[in-house]
Amino acid sequence: MIRPVLFLPHPVLGRPCERVDVIDDVARALAADLLDTMRASAHSVGVAAPQIGVSLRAFCLDVSGHPKARSSHGEVVLLNPELVEATAAPAEIGREGCMSVPDLTGDVARVPSMVLRGLTPEGEERELEMDAFEARAAQHELDHLDGLLFLDRLVSAERVFRRRSYR
Amino acid sequence: MARVAVTAFGADRPGMVAGVTGVLMDHGGNLEDSAMTILGGHFAMMLLVEIPDDQPVEALEADLAAGVADLGLSVVVRPVADVGAGGDDENGTGSTEEPSTWSVSVHGADRPGIVHQVTALLAHHGANVVDLSTRVVASPMQAAYVLLLRITVGASADVEALVEELTALGATLGVEVHVRPDDADIL
């Protein structure tokens, strides 16, 4: 089911999420809703559970076909995802936006490659090596689960930009 | 040479920077630090300009006003006192100790007083604001406000207490407050 996306200043977006305790039909329905909501928005490369009003650690992403993507695992939906390994390489700065902050984009530093681990909706553990745009998208979604937006990670105060043409 | 601050503001359109800097050049001005940006569809310019001593500030201001009148810019020119060596010193705390730099992000439902209350608390702790920008976010449901700051605090300051009080203030104002060290990679 496509769920409405919440916008800043909704309080759920600023709250750290709880772990998914049991992989049951409710958790699987959440995973399906995340995917449905992402697919419904042409430009979305990921949706985190708090963005659809659920304060649980789950997100989906899909960077297929994105020009900045190198690794691409297609549609990924994970419960209790964790960053298990980040490369020591210096962080890279890139422009990020967010469906929950429709008006703005900003420059954020992220580690360029990482290993992401989590549970599939079927309860199987999955470990994914990600780099470039997919790694950035995963770190952006992980932040949502800790109640953080890209606005909380900007490289500096002036590196925030209006997405649309000026009013 | 004397140093002046030039500020200009007007509904954004092409040619504003060229217009202002053209008049400054005609007066023998040399551009130093500047910042220019768009605020709500208006172009805002702040420039430090070195000008020859024989150029009266009043004449420069009058010429600027006349030169850019057709661009819809209002211009102000003021003499600037020399702040001495270390003009880029971002400590501002008067201390010789190395200050630490922090990024602060504040966002939530728009309401009056967010900037004032946050910066008053920072000032109370002796923290110095070195960069600040704010954005109104036109969310479909409810307008949100985003305040982004870079601050420096003296080496002896109690950052933990500052963060605690900022978090408490955020709860009072109904906004999220996040503080992190400004650890941008420096080459």
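1. Strand 2 and strand 3 (residues 42-51) of chain B are paired in the antiparallel sense, with 8 bridges between them. Strands count as paired if DSSP finds at least two bridges between them; the elements themselves are DSSP runs numbered from the N terminus, helices being H or I of at least four residues and strands E of at least two. Within this pair, B:Leu39 lies opposite B:His42 of strand 3 of chain B.

2. The model is predicted: local features need pLDDT of at least 70, side-chain atom pairs count only at pLDDT 80 or more, and totals for chains, interfaces and linings use all residues. Residues are numbered from 1 along each chain as its sequence is written, while chains are lettered from A and ligands numbered from 1 in the order in which they are written.

3. Contact between two residues requires their C-beta atoms, placed from the backbone, to lie within 7 Å.

4. Chain B as a whole holds 4 helices and 8 strands, arranged along the sequence as β-α-β-β-α-β-β-α-β-β-α-β. Its C-alpha trace spans about 50 × 50 × 30 Å along the principal axes. Of the contacts in chain B with a separation of 6 or more, 70% join residues 24 or more positions apart. Buried residues account for 27% of the 187 residues in the chain. A residue is buried if 20 or more other C-beta atoms lie within 10 Å of its own, exposed if 12 or fewer, and partly exposed in between, with C-beta atoms placed from the backbone.

5. How many residues of strand 7 of chain B are buried? For strand 7 (residues 144-153) of chain B the count is 10 of the 10, so this strand is largely enclosed by the rest of the structure. Both of its faces are covered, with B:Ala144 and B:Leu148 among the buried residues on one side, and B:Tyr145 and B:Leu147 among those on the other. Strand 5 (residues 100-109) of chain B runs antiparallel to strand 7 and is joined to it by 10 bridges; B:Thr101 stands opposite B:Thr152. Strand 6 (residues 128-137) of chain B is also antiparallel to strand 7, through 9 bridges, with B:Ser133 and B:Leu148 as bridge partners. A hairpin of 6 residues connects strand 6 to strand 7 of chain B.

6. B:Ile114 belongs to helix 3 (residues 114-124) of chain B. B:Ile114 is buried, because 22 other C-beta atoms lie within 10 Å. Leaving aside neighbours within four places in sequence, B:Ile114 is in contact with B:Val106, B:Tyr145, B:Leu147, B:Leu173 and B:Val175.

7. In chain A, helix 1 has 16 residues, which at 1.5 Å a residue should span 22 Å; its end C-alpha atoms are 22 Å apart, in agreement. The expected span is 1.5 Å times one less than the number of residues. Buried in helix 1 of chain A are A:Leu30, A:Ala31, A:Asp33, A:Leu34, A:Thr37 and A:Met38. These residues cover an arc of only 160 degrees around the axis, and are therefore on the same side of the helix; the arc is taken over the directions from the helix axis to the C-beta atoms. The buried residues pack against strand 1 (46-48), strand 2 (58-61) and strand 3 of chain A. The face turned away from the buried side carries the exposed residues A:Asp25 and A:Ala29.

8. Some backbone details of chain A deserve a check. The peptide bond from A:Leu8 to A:Pro9 is cis, with omega near 10 degrees, and A:Pro9 lies in the segment before helix 1 (25-40) of chain A. A:Asn80, although not a glycine, has a positive phi of about 50 degrees; A:Asn80 is placed in strand 3 (residues 76-86) of chain A.
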